[in-house]
Each structure stands twice: as C-alpha cells, then as structure tokens.
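Colleague: I have not looked at this structure before. Please take me through how to read it.

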Amino acid sequence: MKVTTRRNFFKQVFFYTSAGALTHLLVNSEAFAAEPMLIDMTGLKRKDAANKGCVTTAKSIGYVEDLAAAIKDPAAAKKASPSYMPHTDKAGHKAATQTCDTCMFYNYKKATPAQPTCMLIPACLVHAKGTCNSWAAKT
Ligand code: SF4
C-alpha cells in the first residue's frame, strides 16, 4: 500500500486544483477563442464547420461577396446566394454604395480600425465590398 504523507497530499491537491484552474482559464479565455475568418461562399477554400454555418446564414439573408459583380450579373449572384435581391437606391444611398462597409451592422464590435465583422454573420468576417438584403445605412 502506498503511503501518502500529508505534504505529498497537499502537493497533489495543489497540482490538480492548479491544473484545473489553468485549463478553465485557457478554455474560457478570449485569447484562445477561435478568431473569425473570412467567409468563403463557394466552400472551395474553406471546408470547416464554421464556414458552413456562416454560408447557411449568409444565404438566408442573400449575402454576396461582391456587390459590384452582383449588379453586373444578378443571375450569377442569385445562383450563388438564392435569396439575393438586387438593391435599389434608398434615400440618399445609391444601390452601388450599399456595401458591407457602409452598413450599420458592419464592424459591430466597434473596433478601430474597423474590422469586417457583421452582426448578422458573427462567426465569420465578411467582404467589405459584399452586401446582403439586410443592408441598412449607418446612422
Ligand atoms: S454588414 Fe450589412 S450588408 Fe454586409 S452582410 Fe452584414 S448585414 Fe449584410
């Protein structure tokens, strides 16, 4: 039978509680949280689950990666993102200017300089010159 001294007992308790606390800190630390990566609507460059989830959300709001290309070829944009609806001019905002980087949901974390984050697709970064049906002017 193994004899455990009081000193060894406390050393073991300290080791396991420290290891547990450290693991908890690492798992819950923002520093170790997965950083969002640029969305890939084609799924050719990214095949991970996070991108798949982002694409599903993006398609539901008609997101496209390039507004200028979508204006030139709306059929191709609709093929890539079936819910996409061509933009129209809105009070003071020409359709061609309704890109992510002019949208109120862009850079929702209020980072400086601005980051290509979107409140509606938070698990991925969006293309600054992309757009979607939920575009709304910054106020
Ligand atoms: S930033 Fe705006 S336009 Fe771009 S995907 Fe998000 S909601 Fe749509």
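Modeller: We will go from confidence to fold, then to the backbone and the ligand.

Colleague: What is the mean pLDDT of the chain?

Modeller: This is a predicted model. The mean pLDDT of the chain is 86, with 76% of the residues at 70 or more. Over residues 19-32, however, the pLDDT is below 50, and that stretch has one contact in the model beyond near neighbours in sequence.

Colleague: How many helices and strands does the chain have?

Modeller: The secondary structure consists of four helices and two strands. Their order along the sequence is α-β-α-α-α-β.

Colleague: What share of the contacts joins residues at least 24 apart?

Modeller: Counting contacts in the chain between residues at least 6 apart in sequence, 58% link residues at least 24 apart. As for burial, 22% of the 139 residues in the chain are buried.

Colleague: Now the backbone. What do most phi values and peptide bonds look like?

Modeller: Phi is negative in most residues other than glycine, and most peptide bonds are trans. In this chain, the peptide bond from Thr112 to Pro113 is cis, and its omega is near -5°. Pro113 sits in the loop between helix 4 (74-80) and strand 2 (124-125).

Colleague: Is Asn107 buried or exposed, and why?

Modeller: Asn107 counts as buried because it has 20 C-beta neighbours inside 10 Å, and 20 or more is the cut-off for burial.

Colleague: And Lys110, buried or exposed?

Modeller: Lys110 is exposed, because 8 other C-beta atoms lie within 10 Å; the cut-off for exposed is 12 or fewer.

Colleague: Last, the ligand. Which residues come nearest to the ligand?

Modeller: There are 14 residues around the ligand, and those that come nearest are Cys100, Cys103, Phe105, Cys118 and Cys132.

Colleague: How many residues of each class make up the shell around the ligand?

Modeller: Eleven are nonpolar and three are polar, while no charged residues occur in the shell.

Technical notes: Residues are numbered from 1 along each chain as its sequence is written. This is a predicted model: local features need pLDDT of at least 70, side-chain atom pairs count only at pLDDT 80 or more; totals for chains, interfaces and linings use all residues. A residue is near a molecule or strand if its C-beta atom, placed from the backbone, lies within 6 Å of it. Ala, Val, Leu, Ile, Met, Phe, Trp, Tyr, Cys and Pro count as nonpolar, Asp, Glu, Lys and Arg as charged, and the others, Gly among them, as polar. pLDDT is the predictor's confidence in each residue, from 0 to 100. Two residues are in contact if their C-beta atoms, placed from the backbone, lie within 7 Å.
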